[in-house]
Amino acid sequence: MENRKIRIENAVITVPSKTKMNIAEIADLFGVYYHTAKKHIRAIEKQRSTKRSVVKSGVAGQDYSGSCTCEDSKIYPDYYRLEMVISVAFQLQSACSEPDI
C-alpha cells in the first residue's frame with residue numbers, strides 16, 4: 001500500500017494526492033497527544049452533524065470505505081481525508097501547527 005500520510009521533515013511538507021490518516025497519525029503530525037487530536041476531530045464531527053455549516057457540506061468528511069470504530073451508538077471511520085487534517089490544524093494550538101514568524 002502506498003504512503004498516504006502527510007509528512008513534515010526539515011521544513012518540507014509532503015502531501016500525497018489521496019491523504020488518509022488515522023487519529024494517531026494526525027496527533028503525531030501536529031505533535032499533540034492522541035486524546036487531544038481525537039477531541040478536536042469529534043468536535044468537528046459533532047458540529048457537522050448538529051448544524052448547517054461549511055463542515056456540514058462535507059468539507060471535513062470521513063472515509064467510510066475502510067474499517068470503522070463503534071463508540072456508544074455512533075460509528076466513526078478509522079481514517080480521515082486531507083480536509084479533516086486541515087480542519088484539525090486550524091483548531092490546534094501546537095508548535096507544529098503554527099507557522100514560524
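Which residue forms a salt bridge with arginine 81, and how far apart are the closest N and O atoms? In this predicted model, the partner of arginine 81 is glutamate 83, and the closest N and O atoms of the pair are 3.5 Å apart. Arginine 81 has a relative accessibility of 31% and therefore counts as partly exposed. Glutamate 83 is likewise described as partly exposed, its relative accessible area being 33%.

## Overall architecture

The chain contains three helices and four strands. Followed along the sequence, these elements are arranged as β-β-α-α-β-β-α. The chain has 101 residues, of which 30% count as buried. Its accessible surface amounts to about 7,000 Å², and carbon and sulfur atoms account for 52% of that area. When contacts between residues at least 6 apart in sequence are considered, 45% of them join residues at least 24 apart.

Strand 1 spans residues 7-9 and includes isoleucine 8. With a relative accessibility of 43%, isoleucine 8 counts as partly exposed. Ile8 belongs to a nonpolar patch on the surface together with Ile13 and Val15, and the accessible area of these residues together is about 270 Å².

## Helix 1 and its ends

Helix 1 covers residues 23-30. Just after the helix, glycine 31 adopts a positive phi of about 70 degrees.

The buried residues of helix 1 are Ile23, Ile26, Ala27, Leu29 and Phe30. Viewed down the helix axis, these buried residues fall within an arc of 160 degrees, so they line one face of helix 1. Phenylalanine 30 has a relative accessible area of 6%, which is under the 20% limit for a buried residue. The C-alpha atom of phenylalanine 30 is separated by 8.1 Å from that of leucine 92, although the two residues are 62 apart along the chain.

## Helix 2

Helix 2 runs over residues 34-50 and contains histidine 40. Histidine 40 counts as buried, at 16% relative accessibility. Apart from neighbours within four places in sequence, histidine 40 is in contact with Gln91 and Leu92. Leucine 92 is also the residue whose C-alpha atom is 8.1 Å from that of phenylalanine 30.

A salt bridge joins the side chains of glutamate 45 and arginine 42, with an N to O distance of 3.1 Å. Why are these two residues separated by about one helical turn? Glutamate 45 and arginine 42 are three residues apart in helix 2, which accounts for that separation. In general, an α-helix has 3.6 residues a turn, so residues three or four places apart point the same way. Both glutamate 45 and arginine 42 are buried.

A search of the whole structure finds two salt bridges, and they are set out below.

| Salt bridge | N to O distance | Accessibility of the partners |
|---|---|---|
| Glutamate 45 and arginine 42 | 3.1 Å | Glutamate 45 buried; arginine 42 buried |
| Arginine 81 and glutamate 83 | 3.5 Å | Arginine 81 31%; glutamate 83 33% |

## Strand 3

Cysteine 68 is located in strand 3, which comprises residues 62-71. At 35% relative accessibility, cysteine 68 counts as partly exposed. Leaving out neighbours within four places in sequence, cysteine 68 is in contact with Ile75, Tyr76, Pro77 and Asp78. The C-alpha atoms of cysteine 68 and aspartate 78 are 5.1 Å apart, while the two residues are ten apart in sequence.

## Helix 3

Helix 3 consists of residues 82-91, and Met84, Val85, Ser87 and Val88 within it are buried. These residues cover an arc of only 160 degrees around the axis, and they therefore lie on the same side of helix 3.

The side chain of serine 87 reaches the backbone oxygen of glutamate 83 at 3.0 Å.

Technical notes:
Residues are numbered from 1 along each chain as its sequence is written. This is a predicted model: local features need pLDDT of at least 70, side-chain atom pairs count only at pLDDT 80 or more; totals for chains, interfaces and linings use all residues. Side-chain values use heavy atoms; hydrogens and water are left out. Buried means under 20% relative accessible area, exposed over 50%, partly exposed in between (1.4 Å probe, protein chains only). The arc is that of the directions from the helix axis to the C-beta atoms. Contact means heavy atoms within 4.5 Å. Accessible areas come from the Shrake-Rupley method with a 1.4 Å probe; for residues, only the protein chains shown count as cover. Patches are made of residues with over 30% relative accessible area and no salt bridge: like charges are joined within 9 Å, nonpolar side chains (Val, Leu, Ile, Met, Phe, Trp, Tyr) within 5 Å. A salt bridge is a side-chain nitrogen of Lys or Arg within 4 Å of a carboxyl oxygen of Asp or Glu. A polar contact is a pair of N or O atoms within 3.5 Å; within protein, one must be able to donate a hydrogen and the other to accept it, and residues adjacent in sequence count only if both atoms are side-chain atoms.
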